[in-house]
Amino acid sequence: MSGAEKVRTAVLISGRGSNMASLIAAAQGDPAYPAAITLVVSNRPGAGGLARAAEAGVATDAVDHKAFPDRETFERALDARLRAAEIELVALAGFMRVLTPWFVTRWEGRLLNIHPSLLPAFRGVDTHARALAAGVAEHGCSVHYVTPELDAGPVIDRETVPVLPGDDAATLAERVLAREHVLYPRALAEAARRLRGGQS
Ligand code: GRF
C-alpha cells in the first residue's frame with residue numbers, strides 16, 4: 001500500500017505508551033498495513049511514551065491540559081493540532097482525559113479507544129479488580145469507537161484471557177496487556193480499512 005493511501009493516524013497517550021509502541025511497530029513493520037502513525041500527542045509533557053515515539057521516528061507533541069483554563073479550550077488546541085497534521089483517525093492509548101461530547105462528535109467514527117475489559121462488561125476504571133471481585137472466568141480487552149457515553153461505543157474487536165487461580169489485579173492486568181498489544185494493531189487496521197471504504 002502506498003503512503004498516500006494509508007490512513008494518517010495519531011495516537012493520544014498520557015503515560016508509558018506500550019500500546020502506542022505496538023501500533024507503531026505494526027504500522028512500520030508491514031508495508032501493507034493500512035494506517036501510518038504520523039503523530040503521537042500527550043497531554044502530559046513528561047509521558048514516557050513521547051520518547052519511545054521519537055526513537056521510532058514519529059513526530060511528537062505535548063498539549064498540556066494544565067496550561068488551559070478549561071476542558072474545551074484544551075480540546076480545541078488538541079483538535080487544531082490534529083487537523084494541522086492532517087490526521088484522519090485518532091487512537092486513544094492510555095489517554096487519561098475524558099473527552100467532551102464536542103470533541104467526540106467532531107471525530108465520530110474516527111476515534112478509537114482500547115479498554116481493559118470485555119465490553120460491555122466493566123466500563124470505567126479498576127476493571128481488573130472488579131472482574132476478580134465478580135468472579136468471572138474470562139476477562140480481556142476491547143477496542144471500540146468512542147461515543148459521548150463512556151466506554152459504550154461500538155466494539156470493533158476483543159481479545160479474551162482466562163482468569164487463573166491466585167490472580168490479583170496486577171497479574172491479570174499483565175496478562176490482559178499482552179493481548180492488548182495484539183488486539184490494538186488488528187483493530188486499528190480494521191478501522192482504517194473501513195475508513196477507506198473497504199471490507200469490514
Ligand atoms: C492500558 O491498560 C489500556 O488498556 C488502558 O490504559 C493502559 C495504557 O497502557 N486504557 P500503555 O500506556 O499503553 O502502556
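**Ligand and loops**

A: Happy to! In this predicted model, an oxygen atom of the ligand is 2.8 Å from a polar backbone atom of N19.

Q: Nice. Which polar side-chain atom lies 2.5 Å from an oxygen atom of the ligand?
A: That one belongs to S18.

Q: And what is 3.3 Å from a nitrogen atom of the ligand?
A: A polar backbone atom of I114.

Q: Which residues are around the ligand?
A: R16, G17, S18, N19, G94, I114, P116 and E180. By class, that shell has 4 polar, 2 nonpolar and 2 charged residues.

Q: Where does the ligand sit?
A: In the largest pocket.

Q: Changing topic: which peptide bond is cis, with omega near 15°?
A: The bond from L119 to P120. P120 is in the loop between β5 (111-115) and α5 (127-134). As background, most peptide bonds are trans.

Q: Is F122 buried or exposed?
A: F122 counts as buried, because its relative accessible area is 18% and the cut-off for buried is under 20%.

Q: And E86, what is its phi?
A: About 55°, a positive value, although E86 is not a glycine. E86 is found in the loop between α3 (71-84) and β4.

Q: Buried or exposed, that E86?
A: Exposed: E86 has a relative accessible area of 56%, and exposed means over 50%.

Q: OK, over to E159. Where does E159 lie?
A: In strand β7, residues 155-162. E159 is buried, with a relative accessible area of 13%.

Q: What does the side chain of E159 make a polar contact with?
A: With the side chain of R179, at 3.0 Å.

Q: Last one: where is M96?
A: M96 lies in the loop between β4 (89-92) and α4 (101-106). M96 counts as exposed, because its relative accessibility is 58%.

Q: How far apart are M96 and R196?
A: They are 100 residues apart in sequence and 29 Å apart in space, going from C-alpha to C-alpha.

Terms used:
Residues numbered from 1 in each chain as written. Predicted model: local features only at pLDDT ≥ 70, side-chain atom pairs only at ≥ 80, totals over all residues. Heavy atoms only, no water. Near = heavy atom within 4 Å. Polar contact = N/O pair within 3.5 Å; in protein donor to acceptor, adjacent residues only side chain to side chain. 1 Å grid on protein atoms, 1.4 Å probe; cavity = no way out; pocket = protein on both sides within 12 Å on 5 of 7 lines; lining within 4 Å. Sits in = over half its atoms within 2 Å of the grid points. Nonpolar A, V, L, I, M, F, W, Y, C, P; charged D, E, K, R; others polar. Helix = DSSP H or I, 4+ residues; strand = E, 2+ residues; numbered from the N terminus. Buried < 20%, exposed > 50% of the residue type's maximum accessible area, 1.4 Å probe, protein only.
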